[in-house]
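Please find below a colleague's note on the model under review. The comments are set out as numbered points.

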Amino acid sequence: MKYFNYEEFDSPDIQGSGQLMNEQLLHMLDAARKEYGKPIVINSGYRTEAHNEKVGGKPSSSHLKGLAVDIACKNSLDRFKLYDVLRKVGFKRFGVGGTFIHVDIDKSKTQNVTWTY
């Protein structure tokens, strides 16, 4: 990875757990960061079951498999630009919250979808 390090993806309760992230997802994020042209801040990457439960994640969360990230996004202009870049690099599953964008590459779930929180 050029723009990220594994620690950014750690579940807060287990140091080094960012190493469990899917490599394809990490390459896609690197490509998105290059295209976006400014830092991308990861709010949540890999999650242990305990941490997922603590933050109110779904039991079937793609974060548990290292297939998802939540990216910080503070305003609608950045959200629009980031969403566009993430689609260009191949993401097909988006969750949009007020302060973040969730993307995952979980092929066991419906593709080409966007939902809101």
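1. The structure is a predicted model, and the remarks below should be read accordingly.

2. The nonpolar core. The largest nonpolar core comprises 24 residues. Leu29, Val69, Ile71, Leu86 and Phe91 have the most contacts inside this core. Two or more residues each are given to the core by α1 (23-36), β2 (68-72), α3 (76-88) and β4 (100-104). Of these elements, α1 supplies the largest share, namely 6 residues.

3. Leu29 within the core. Which residues does Leu29 touch, if those up to four places away in sequence are not counted? They are Phe4, Phe9, Ile42, Val69, Ile71, Leu86 and Phe91. Among these partners, Val69, Ile71, Leu86 and Phe91 are themselves listed with Leu29 as having the most contacts inside the core.

4. Burial of β4. Strand β4 is mostly covered, with 5 of its 5 residues buried. The covering applies to both faces: Phe100, His102 and Asp104 lie on one side, Ile101 and Val103 lie on the other, and all are buried.

5. Strand partners of β4. β2 and β4 run antiparallel and are joined by 5 bridges; Ala72 has Phe100 of β4 as its bridge partner. β4 also pairs with strand β3 (residues 93-96), again in the antiparallel sense, over 3 bridges. In β4, Ile101 stands opposite Val96. A hairpin is formed by β3 and β4, with 3 residues between them.

6. Asp106. This residue is located in the loop between β4 and β5. Is Asp106 buried or exposed? Asp106 counts as buried because its relative accessibility is 2%, below the 20% limit for that class. Beyond residues up to four places away in sequence, Asp106 touches Ser62, Lys65, Leu67, Arg93 and Gln111.

7. Val113. Strand β5 (residues 113-116) contains Val113. With a relative accessibility of 23%, Val113 is classed as partly exposed, since the buried class requires a value under 20%. Leaving aside neighbours within four places in sequence, Val113 is in contact with Lys92, Arg93 and Phe94. The C-alpha atom of Val113 is separated by 8.4 Å from that of Gly95, the two residues being 18 residues apart along the chain.

Technical notes
Residues are numbered from 1 along each chain as its sequence is written. This is a predicted model: local features need pLDDT of at least 70, side-chain atom pairs count only at pLDDT 80 or more; totals for chains, interfaces and linings use all residues. Side-chain values use heavy atoms; hydrogens and water are left out. Helices (H or I, at least four residues) and strands (E, at least two) are DSSP runs, numbered from the N terminus. Buried means under 20% relative accessible area, exposed over 50%, partly exposed in between (1.4 Å probe, protein chains only). Contact means heavy atoms within 4.5 Å. A nonpolar core is a set of buried Ala, Val, Leu, Ile, Met, Phe, Trp, Tyr and Cys residues joined through side-chain atoms within 4.5 Å. Two strands pair if DSSP finds at least two bridges between them.
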